[in-house]
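Work through the two exercises below with the model open beside you. Try each task before you read its solution.

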Amino acid sequence: MAKSQVAMKVNGKAVEALVEPRTLLIHFLREQLSLTGPHIGCDTSHCGACTVDLDGKSVKSCTVFAVQANGADIITIEGMAAADGTLHALQEGFREMHGLQCGFCTPGMITRAYRLLQENANPTEEEIRFGISGNLCRCTGYQNIVKAIQYAAAKLQGKTFQEAAE
Amino acid sequence: MHRTLLLQCTVRQSFLTQDREARVIPGSFDYHRPKSIKEAVALLADLGEEARPLAGGHSLIPMMKLRLATPEHLVDLAGVADLKGIRADGGDIVIGAMTTQHELIGSDLIKSKIPILREAALVIADPQVRYVGTLGGNVANGDPGNDMPALMMCLGATYQLTGKTGDRKVAAREFYQGTYVTALKQGEIVTAIRIPAPPAGHGYAYEKLKRKIGDYATAAAAVILKISGGKVAECSIGLTNVGDTPLWADKAAKMLVGSALDAATVKKAVAAAEAITSPASDNRGPAQYRTKMAGVMLTRALARAKSRAK
């Protein structure tokens with residue numbers, strides 16, 4: 001089976017490579033590009049740990065072939081912080097609001113939340129929960145993940161996040 | 001064990017018990033990315049039985065990881081611009097087969113003309129899958145667990161099928177022959193879905209019972225109805241994942257026409273709908289339970305459709 005040439009933009013950098021058509025995008029990112037931020041969780045498109053942004057869509061990179069991403073613009077968790085290391089508002093939000101415990105789901109949560117906020121800059125709590133329903137977390141119970149996304153949404157709009165009284 | 005059930009269980013759960021390393025890498029294949037429908041169907045015809053069309057891939061790729069599907073050639077339809085788009089054509093809405101669930105959800109035309117389609121798309125899988133999963137893939141796969149087929153039967157949709165020798169049209173109500181068995185012939189693909197827009201002021205609801213986000217339905221019901229002068233003038237009912245194929249409950253719907261959806265008539269119609277189901281017993285519940293849940297989903301869908309009808 002012939003290998004295919006693929007070219008794509010990953011975190012702003014142009015990359016080219018030869019891949020077997022059956023190579024999954026998650027394996028291409030992790031093994032050929034050494035971008036180990038996107039995680040392999042369930043391998044069955046359930047858990048969302050492998051979520052990356054592909055041409056403005058959140059996708060589970062365990063269920064996309066690298067050849068399907070030929071010509072695409074991809075953002076992984078490695079592409080979220082600024083070049084000088086300043087964290088993205090979402091990364092800051094997850095730190096400030098304790099949005100992670102073990103951290104395994106976090107790269108997927110953040111890349112998914114990034115697209116959610118691009119589409120809906122000021123989501124309600126319900127919209128956040130619906131928007132991240134393809135990402136599983138087995139530690140936090142989601143409460144602080146929702147807060148972290150609310151924190152980021154507020155910050156990106158130049159506001160200060162006010163936690164609702166419990 | 002029903003084949004659907006077997007495949008759904010296998011695809012969705014078997015990773016827990018199988019050797020993960022051996023079961024997550026698909027077999028080798030050659031990749032093709034045609035730019036036109038003509039090129040795509042010519043490739044599929046020439047490559048023969050070992051070729052499969054690839055739409056969103058969220059049914060096919062999991063099957064390939066399990067080696068339940070081992071195509072030697074994948075013909076990716078993502079580069080075919082003519083398979084995209086949603087347009088009005090007279091009283092119909094025509095949707096390109098590669099239109100994603102996410103695009104359906106975001107379409108103002110769908111929201112205003114066929115709101116039940118948006119409602120159903122929102123309960124399919126999860127956000128990531130909806131960005132990639134297509135209407136054409138969902139209806140063509142022949143999995144009775146998919147949500148769109150029963151809805152297409154309910155709406156009276158027609159599929160345009162295209163092969164090397166040309167186009168033909170098949171009604172959704174005649175397309176499904178068995179689990180993963182459809183009217184599609186070797187080398188044909190679904191290229192467009194034509195849906196007659198329901199009448200203005202119609203009531204609608206898609207009610208789906210599922211265990212969790214991302215799950216197939218334990219049972220689901222689609223209802224479209226038109227009420228005039230307090231009585232049901234038109235009614236159509238589709239049922240998801242309670243048989244070898246999606247089901248169109250035409251007898252049940254006819255029993256409701258002329259009624260005011262009073263409790264006694266609804267009860268009779270729901271019993272008639274339950275009678276055509278033949279679900280498998282699986283980890284979504286025993287067959288009897290799933291039949292009852294189809295009835296419950298239908299009862300709820302009828303009530304909600306009635307409340308929405310003008």
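**Ground rules**

This is a predicted model: local features need pLDDT of at least 70, side-chain atom pairs count only at pLDDT 80 or more, and totals for chains, interfaces and linings use all residues. Residues are numbered from 1 along each chain as its sequence is written, while chains are lettered from A and ligands numbered from 1 in the order in which they are written.

**Exercise 1. Follow strand E5 of chain B and find its partners.**

Solution. 

1. Start at Gly96(B). Its bridge partner in E10(B) is Ala192(B). Strands are DSSP runs of E with at least two residues, numbered from the N terminus.
2. Count the bridges on this side. E5(B) and strand E10 (residues 189–196) of chain B run antiparallel, joined by five bridges. Two strands pair if DSSP finds at least two bridges between them.
3. Turn to strand E4 (residues 86–89) of chain B. Four bridges join E4 to E5 (residues 92–96) of chain B, again antiparallel.
4. Pick one pair here: Arg87(B) has Val94(B) as its bridge partner in E5(B).
5. Look at the hairpin of E4(B) and E5(B). Two residues lie between the strands, and Gly90(B) takes a positive phi near 60 degrees.

**Exercise 2. Describe how domain 1 of chain A meets domain 2 of chain A.**

Solution. 

1. An automatic or database domain assignment gives domain 1 (4–78) and domain 2 (89–156) in chain A.
2. Take the distance. The C-alpha centres of these two domains of chain A lie 21 Å apart.
3. Count contacts (C-beta atoms, placed from the backbone, within 7 Å). In chain A, 16 residues of domain 1 are in contact with 12 residues of domain 2.
4. Find the top contributor. Strand E3 (residues 51–54) of chain A gives the most to the domain 1 side, with three residues.

Definitions and conventions: Contact = placed C-beta atoms within 7 Å.
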